[in-house]
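I opened the model and kept notes as I went.

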Amino acid sequence: MGYYGTVTPNVILRNIMENPQWYTPYTPYQAEISQGRLESLINYQTMVKDLTGMDYSNASLLDEATAAAEAMTMCFSQTKKKKAVFYISKDVHPQNIDVIRTRAEPIGVKVVVSDYQTMDFSKDDVCGVLIQYPGTEGTVIDYAEFVEKIHKAGAMAVCATDLLALTMLKPPGEFGCDIVLGNAQRFGVPMGYGGPHAAFFCYIRQT
C-alpha cells in the first residue's frame, strides 16, 4: 500500500548521506551555503520529471495522500468550482482515499470511489479522476484509453504512482496524465511506521 522495506548500502550511507560535501560544498560562513541544497533539489526534481514524463516537478509535499488531496483541489479549481465530482479508482491506496475525502467535504467536492470502467461522465460534472499505477495490490493497467475518455469529458487525469516502478513501466506523462504524484520512500527511506515521506507532485504544461 505504498510503503516498502528498503535497503540502502552502507557505501551509499557513508559516502553520500553522511558526507556533507554532497549537500553543502561551501564553508559555513559563506553566503552560498545553500548552494549544495539547491543543487540537490534540482537533481531530485529532474529525476522525478524524467521518471514520470511530466514537464514540472515540485520539491516536495508532506506525503502521497496529501499530494493526492492537493491534486483534487487543483482539479476543482481548474473548473472554477463548477464541476464538483471527483472520481477515485477503487484500487487507489486507502490512505489516499481517506485524506481526499477529509479535504473534499469542507470545499463541497463529492468524492466517488468506483471501478474505473464504470465511471459515468455523462452529466458533465466531473472535475478529475485519480488512478493508482500500479494499483494498491500491485495491478498494472494500461490507462491510455481511459485517460482519453477523461479528457473528452473535460476532466483532469491524476495518477498516483511509484517512482521505482516507473523505472520499468511507461511514464504516466506518456499516456496523457495531467498530474502525477506519489512519494519518494522507495529510494532508500525507512518505512518509519507509515511516514510521512516526502511526496512529489508533477504536472504537465497546459496548452
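In which loop does aspartate 124 lie? I found aspartate 124 in the loop between β3 (110-114) and β4. I note here that the model is predicted.

Most residues other than glycine have a negative phi, and most peptide bonds are trans. I looked for exceptions. Aspartate 124 is one of them, with a positive phi of about 55°. Its relative accessible area is 48%, so I logged aspartate 124 as partly exposed. Lysine 81 has a positive phi of about 60°. I placed lysine 81 in the loop between α3 and β2. Lysine 81 is exposed, because its relative accessible area is 58% and the cut-off for exposed is over 50%.

Next I checked for cis peptide bonds. One joins alanine 59 and serine 60, with omega about 0°. Serine 60 sits in the loop between β1 (56-57) and α3. Another runs from tyrosine 133 to proline 134, with omega near -5°. Proline 134 belongs to the loop between β4 and α5.

**Helix α3.** I compared its length with expectation. Helix α3 covers residues 64-78, which is 15 residues, so at 1.5 Å a residue it should span 21 Å. The end C-alpha atoms are 21 Å apart, in agreement. I then listed buried residues in α3, including Glu64, Thr66, Met72, Cys75 and Phe76. The buried residues of α3 pack against a helix, α4 (94-107), and against β2, β4, β5, β6 and β7.

**Threonine 52.** I found it touching Leu163, Val180, Phe200 and Cys202, among others.

**Nonpolar cores.** The largest has 30 residues. Phe121, Val129, Tyr143 and Phe146 have the most contacts inside it. β4 gives the most to this core, four residues. Apart from this core I found another, of 24 residues, among them Ile88, Ala104, Val109 and Met156. I went back to valine 129 for its neighbours. They include Phe86, Tyr87, Phe121, Phe146 and Val158.

**Second largest pocket.** I noted a volume of about 150 Å³. The lining has 15 residues, and Gly2, Tyr4, His93, Pro134 and Asp162 lie nearest the centre. By class I logged three nonpolar, eight polar and four charged residues.

Notes: Residues are numbered from 1 along each chain as its sequence is written. This is a predicted model: local features need pLDDT of at least 70, side-chain atom pairs count only at pLDDT 80 or more; totals for chains, interfaces and linings use all residues. Side-chain values use heavy atoms; hydrogens and water are left out. Helices (H or I, at least four residues) and strands (E, at least two) are DSSP runs, numbered from the N terminus. The expected span of a helix is 1.5 Å times one less than its number of residues. Buried means under 20% relative accessible area, exposed over 50%, partly exposed in between (1.4 Å probe, protein chains only). Contact means heavy atoms within 4.5 Å. On a 1 Å grid over the protein atoms alone, a cavity is a set of points where a 1.4 Å probe fits but cannot get out, and a pocket is an open set with protein on both sides within 12 Å along at least five of seven lines; lining residues have an atom within 4 Å of a point. Grid points are joined across faces, edges and corners, and a volume is the space filled by probe spheres set on the points. Ala, Val, Leu, Ile, Met, Phe, Trp, Tyr, Cys and Pro count as nonpolar, Asp, Glu, Lys and Arg as charged, and the others, Gly among them, as polar. A nonpolar core is a set of buried Ala, Val, Leu, Ile, Met, Phe, Trp, Tyr and Cys residues joined through side-chain atoms within 4.5 Å. Lists of a residue's contacts leave out its neighbours within four places in sequence.
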